[in-house]
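Hi,

Here is the structure I promised to pass on to you. Have a look at it first, and then read my notes below.

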Amino acid sequence: MDFRGSTLFILFGGCILFASPSFAFINSGKLPLPKSRDASGSCSKTTMSLRKDADGDAISWSLDRRSFSKAALGAAALSFSNPNAAVAKEKAGAWAKHDGPFSPEELSGFSSTPSGLQFKDVEEGTGPVPVPGQKIKAHYAGYLQSNGKKFDASYDRGQPLAFKVGTGQVIKGWDEGLLSMKVGGKRILVIPSDLAYGKRSVGGGLIPADSVLVFYVELVTLAA
């Protein structure tokens with residue numbers, strides 16, 4: 001028996017079986033699921049398996065009612081917090097989502113710098129501006145201008161990228177584009193290939209040579 005997808009509480013003769021959204025409790029088949037109490041009034045022990053997903057390694061458990069209840073309560077606490085975290089992550093990166101090729105309208109209204117970098121502020125931000133060599137944290141979503149295909153996004157991982165801006169740790173277009181942003185700002189960058197990866201093909205062809213890149217970037221914070 002495999003319970004997946006939603007938070008699930010199942011009771012068998014007063015015994016609680018629990019499956020959180022991120023874990024599946026699976027009957028191993030070694031013993032039947034407890035359907036009634038034994039003579040002492042306690043639920044029978046049941047061998048269960050726990051795994052993160054269909055491809056994960058299973059770990060066999062043998063739990064009495066008290067131990068299982070404690071484990072279930074702990075998992076329940078996590079399951080109720082995880083959906084909120086997932087929703088927050090989804091909202092945080094919603095502005096940077098893009099599907100399909102870019103239209104001319106989407107690529108209009110940009111300012112250009114002497115280097116050829118194009119940028120458009122979606123939200124200016126109210127915090128300080130970083131100085132060269134300062135460590136910052138930035139969220140991003142990157143797309144190929146040629147077909148609108150996404151090649152990477154920190155939003156998908158829920159973890160901003162930390163680096164020292166203006167020191168060459170990232171592509172030139174990023175250094176230039178982020179050094180004029182304020183903390184809290186959101187900006188779209190159109191980065192010509194010579195300010196990105198140039199003649200190099202990156203990621204096994206994920207970013208072909210001579211690609212113009214479109215980045216949605218958010219300056220999250222400055223770090224010490």
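Tyr155 is buried, with a relative accessible area of 6%; buried means under 20%, exposed over 50%, and partly exposed in between (1.4 Å probe, protein chains only). You will find Tyr155 in helix α2, residues 154-157. Helices (H or I, at least four residues) and strands (E, at least two) are DSSP runs, numbered from the N terminus. The C-alpha atom of Tyr155 is 8.9 Å from that of Ala94, although the two residues are 61 apart along the chain.

A word on the source: this is a predicted model, where local features need pLDDT of at least 70, side-chain atom pairs count only at pLDDT 80 or more, and totals for chains, interfaces and linings use all residues. Residues are numbered from 1 along each chain as its sequence is written, and side-chain values use heavy atoms, leaving out hydrogens and water.

Now for the salt bridges (a side-chain nitrogen of Lys or Arg within 4 Å of a carboxyl oxygen of Asp or Glu). The whole structure has 5 of them. In one, Arg187 meets Asp121 at 2.6 Å, N to O. Arg187 lies in strand β11 (residues 186-191) and Asp121 in strand β7, so this pair ties together parts 66 residues apart in sequence. Arg187 is buried at 4% relative accessibility, while Asp121 is partly exposed at 39%.

Another salt bridge joins Asp152 and Arg157, with their closest N and O atoms 2.8 Å apart. Asp152 is partly exposed, at 27%.

Enjoy exploring!
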